[in-house]
Amino acid sequence: MTVLHTKDIIRTMVNNLQHTSAESVVKRINVFTSLPEVVVNLNVVDWKSLPTSEPEVIDTTFKTMWKETTQLFPDVGCIFYANEEGLYVGYERLPKSFLKKRNVSYTFGAEFRASDTTPMPVCSYCPPLSAIRPGEKTYYFVDSEGKFAEAYEWNKYDPRKRAWYQKAKAARGGMTWEDIYNHSSGNSMGTSAQRAIMTNSKVTGVAAGDFTVNLLSRFMHDVTNAIEYEEGFIIDVRSGLMVASSRGMSNVARPVSANDTEGLVRFHWDQLQDSLVTSSVSFLAEDILAAPFFFGFLLVLAQSQKCSE
């Protein structure tokens with residue numbers, strides 16, 4: 001018969017709790033990161049039979065995405081659509097840091113690029129003609145109905161030349177994922193799921209959705225916050241670059257420059273001034289190199305030093 005001391009019992013309880021917590025976090029993250037695929041699959045089905053009139057196409061896709069962004073899938077950072085004529089429409093939940101810099105009270109932004117065939121469309125959800133520039137994407141804040149409120153940027157843009165569009169087109173209806181990249185607006189970064197919309201064996205457009213690094217880090221904070229002093233982060237095993245952190249974006253990426261439109265660059269884990277990250281990954285280094293991690297990502301849950309104070 002084995003007699004356990006009080007310290008041993010407590011240690012066993014803590015280990016069991018951490019194990020249970022880790023399993024719960026993994027399950028919740030798997031659900032969270034699958035949401036873009038759910039949105040994409042729904043939209044591919046809905047948008048196979050879009051109207052023939054381009055203004056109606058724009059209104060239909062915007063209305064669908066607005067409901068998804070604000071009600072059905074609030075954790076999907078961006079939902080967007082593009083077609084073979086160069087049309088691009090999309091909504092984005094804007095990062096709080098970006099909104100603070102702009103000193104505005106909006107929550108969502110939209111992005112619009114008119115097609116080559118109808119460079120100056122008029123419709124309910126279109127930006128006003130004064131905000132549309134042929135061959136450029138208009139970035140603008142939207143009101144409570146998802147309609148144009150205020151433009152803040154324009155960039156030369158052709159969705160058909162973007163990696164996510166080309167990857168989906170090559171897959172001809174299969175689901176594909178793009179690696180983490182800077183959004184063209186420069187104010188956030190994310191990874192997108194996308195599928196081509198096929199009509200009579202031809203690609204007519206692409207439906208896509210992504211989760212931003214900002215939202216994933218916030219989600220990590222929420223799920224690890226259930227246990228006091230627990231922190232979590234995700235790194236890409238292949239590159240060593242940070243993917244998300246429960247401590248926020250400051251532990252994941254930094255601006256390329258003071259100009260908030262030039263994008264972000266992710267930290268390598270050993271660049272962080274964070275002993276929790278560096279000590280945890282260093283300790284696990286040999287196992288990391290040898291283990292076949294799911295999707296090439298490593299999720300680490302650890303107890304901060306406050307736990308022993």
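1. A charge sits over a ring if NZ of Lys or CZ of Arg is within 6 Å of the ring centre and within 35 degrees of the ring normal. In this predicted model, the charged end of Lys137 sits over the ring of Tyr88, 4.0 Å from its centre. Lys137 also lies over the face of Tyr157, at 3.8 Å from the ring centre.

2. As to conventions, local features in this prediction need pLDDT of at least 70 and side-chain atom pairs count only at pLDDT 80 or more, while totals for chains, interfaces and linings use all residues. Residues are numbered from 1 along each chain as its sequence is written, and side-chain values use heavy atoms, with hydrogens and water left out.

3. Aromatic pairs are rings of Phe, Tyr and Trp (its six-membered ring) whose centres lie within 6.5 Å; planes under 30 degrees apart count as stacked, over 60 as edge-to-face and the rest as tilted. The count by this rule is 19 aromatic pairs. Phe32 and Phe219 are stacked, at 4.3 Å centre to centre with 25° between the planes. Because Phe32 lies in helix 1 (residues 6-46) and Phe219 in helix 5, this pair ties together parts that are 187 residues apart in sequence. Helices here are DSSP runs (H or I, at least four residues), as are strands (E, at least two), numbered from the N terminus.

4. Phe219 is buried (under 20% relative accessible area, against over 50% for exposed and in between for partly exposed; 1.4 Å probe, protein chains only), with a value of 12% relative accessible area. Nine of the twelve residues of helix 5 are buried, so this helix is largely enclosed by the rest of the structure.
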